[in-house]
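Colleague: I would like to learn how to read the features of a structure like this one. Could you take me through some of them?

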Amino acid sequence: MARPSVRDLLAEEPLKSATVVGGSANLDAVPSEVLAHTPGRTVDVPRGAVVVTGALDGYELELLLRRVHDRGASLVVTAVDQPRRLLSSTKVLAERLALPLALVAADPLETARRLWVRVHQPAAEHGLVLARLARRLQGVGDARSIVKLLDSELGVRSALVGAEHVVLAGTEPTRPLHLDTRTRTWRDGDGFTCLVPIKVGDREPPRLWLVAETGAIGDDTAVKIESGLDLAACSVTAWAATERLLSERDATFQSTVLAELLSSGPPIPRRVLGRAVAAGWRLEGWHTGVHLLLVGGSTPEDVRSRTRDVRDALAAESLTGPLVERGDGWSSWITDSTEATPQRRRDLVRTLTALLPLVPESTLVAGVGRPLLGAPGLVETLVEAQELSRFAGSARGRQLVVFADEAGVRRLLAAATSDDVRARSQRLLGALLSPANADLARTLETYLDLESSATSTAARLGIHRNTVVKRLSRIEELLGANLSDPEVRLALHLACRAK
């Protein structure tokens, strides 16, 4: 309900039978307040107020008209006193000031009370609407229901919109949205739009927005809609925070279960298998493991903050298998009833090669394991995929996605992960495995990973090239090895991978 205009008030009780003098040019003004004026007292008159007074002498009424006009009053109501008849100059003054003057026979205080109730009726009704909305929001726990409540209680078309203008709940907005500005409301020829950003974290930019659209409305209704969206925003924030907590809890649970699965040597304990089933994973069938490695170092926070983008990128290519956060990236797998053909494996590699560069703010490489059967096969293909991802990279000669589709690669990895070779590798690396020589060990592994380039190694480690050269010389002294020999470098590279 919109606030009444002066014309509306004059057409209703208690002013319906009033005599209106002058001010015909200002009958569409919308009053903001109602004041009962006591003669002889100075009153602070808000702009747009209706001023109600008792009977006044002619000069007193004209003085009042001038004073309240200067303060922006919208209407003056005065009691009729027959002994003090209205001066003709007062009528002329009211018309000249464009300030309507209504003459009533009723008690001025009662008239003021009834007018106050009428002027503030829309605000009172809006308050009741907002109170009802707040009460109903208390029992709502999902975005779709919140948006439906807004539609029914506020009489708007509302939606919850995410990044890229994706509608998560509600009706698709019909007007352009300005998600990148701080503008909350705007009007155009089609009506009114209100936009409220949803912030889940204090340090995060908004990722969700509540939007409400309606036709042409008054300012009071606009305020009601804004207030209603602010109320609903609290519920949406709580919902989004809960969804995030549940997602993080599920992610932690899945990461824990996968770690238990990968660390279980055959046979896999029944308890671990049960937890894997509880995570929603299908253990029977042929599994093709995929490991996505986040290049440049990572922390759990780095991985967690990018999980949604990685999941969306995979889903866009219909790769909707499990995606589990790991310390260096993500493990995923595809499960089929039959063994994937070589062509299907090559198609998977091509798909990953195309989509990995599209994940925003991330440099990703991947390893793809062999298709293997059952729960033990799932463990083996994921271990293989993670190992292969470490051979992938953007350096010259390296593939973005490495896959175990050649017998030589499979034998190399099988050997590199055997206990016997691991023990021999530790003997070969010798003194480099000491904590005191950790920088030397890291330098050697990086040097061999980067195709024996001292310059690339210095850039990767953030040190001077001369420092790399000195460290390599010290490594040769400690190991008694010649790093210029390709066979020695290959042996040391495998040893670094197997240690």
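This is a predicted model: local features need pLDDT of at least 70, side-chain atom pairs count only at pLDDT 80 or more; totals for chains, interfaces and linings use all residues.

Colleague: Let us begin with sheets. In what order do the strands of the mixed sheet stand?

Modeller: The general idea comes first. Strands of a sheet pair through backbone hydrogen bonds, and the pairing is either parallel or antiparallel. Here, five strands make an open sheet with the order β12-β13-β11-β14-β15, and its pairing is mixed. The edge strands are β12 (323-325) and β15 (401-403); each has a single partner strand, so one side of each has no neighbour in the sheet. From one strand to the next, the twist averages 20°.

Colleague: Which helix packs on that sheet?

Modeller: Helix α8 (residues 300-316) does, and it touches β11, β12, β13 (329-336) and β14. The direction of α8 makes about 170° with that of β12.

Colleague: How many bridges join β11 to β13?

Modeller: Eight bridges join these antiparallel strands.

Colleague: Is β13 enclosed or open to the outside?

Modeller: Count its buried residues, where buried means under 20% relative accessible area. In β13, six of the eight residues are buried, so the strand is largely enclosed by the rest of the structure.

Colleague: What is the strand order in the antiparallel sheet?

Modeller: That open sheet has five strands in the order β7-β6-β10-β9-β8. β7 (167-170) and β8 (185-188) are at the edges with a single partner strand each, so one side of each lacks a neighbour in the sheet. The twist averages 20° between one strand and the next. Strand β6 (residues 157-162) and β7 run antiparallel and are joined by three bridges, with V167 of β7 as the bridge partner of V161.

Colleague: Which helix lies across β6, β7 and β10?

Modeller: Helix α5 lies across these strands, running at about 150° to β6.

Colleague: How do I read the faces of a helix? Which residues of α5 are buried?

Modeller: An α-helix has 3.6 residues a turn, so residues three or four places apart point the same way. In α5 (residues 143-154), the buried residues are A143, I146, V147, L149, L150, E153 and L154. Down the axis of α5, the buried residues fall within an arc of 155°, so they line one face of the helix. R144, K148 and S152 are exposed on the other side.

Colleague: What caps the N-terminal end of α5?

Modeller: D142 does, with a side-chain oxygen 3.3 Å from the backbone nitrogen of R144. Just after the helix, G155 has a positive phi of about 70°.

Colleague: Which residues of helix α3 are buried?

Modeller: In α3 (residues 88-97), they are T90, L93, A94 and L97. The arc they cover around the axis is only 100°, which puts them on the same side of α3. These residues pack against β1 (19-21), α2 (58-70) and β5 (101-104). The face turned away from the buried side carries exposed S88, V92 and R96.

Colleague: Now single residues. What does R66 touch?

Modeller: R66 belongs to helix α2. Its relative accessible area is 41%, and R66 is therefore partly exposed. Apart from residues up to four places away in sequence, R66 touches L93, R96 and L97. The C-alpha atoms of R66 and L93 are 8.5 Å apart, although 27 residues separate the two along the chain.

Colleague: Is S264 buried or exposed?

Modeller: S264 is buried, because its relative accessibility is 14%. Its place is the loop between α6 (219-263) and α7 (270-278). A polar atom of the S264 side chain lies 2.5 Å from the backbone oxygen of E260. Beyond neighbours within four places in sequence, S264 contacts P269 and V272.

Terms used
Residues are numbered from 1 along each chain as its sequence is written. Side-chain values use heavy atoms; hydrogens and water are left out. Two strands pair if DSSP finds at least two bridges between them. Helices (H or I, at least four residues) and strands (E, at least two) are DSSP runs, numbered from the N terminus. Axes are lines fitted to C-alpha atoms, for helices over the stretch in contact, and angles run from 0 to 180 degrees between N-to-C directions. Contact means heavy atoms within 4.5 Å. Buried means under 20% relative accessible area, exposed over 50%, partly exposed in between (1.4 Å probe, protein chains only). The expected span of a helix is 1.5 Å times one less than its number of residues. The arc is that of the directions from the helix axis to the C-beta atoms. A polar contact is a pair of N or O atoms within 3.5 Å; within protein, one must be able to donate a hydrogen and the other to accept it, and residues adjacent in sequence count only if both atoms are side-chain atoms.
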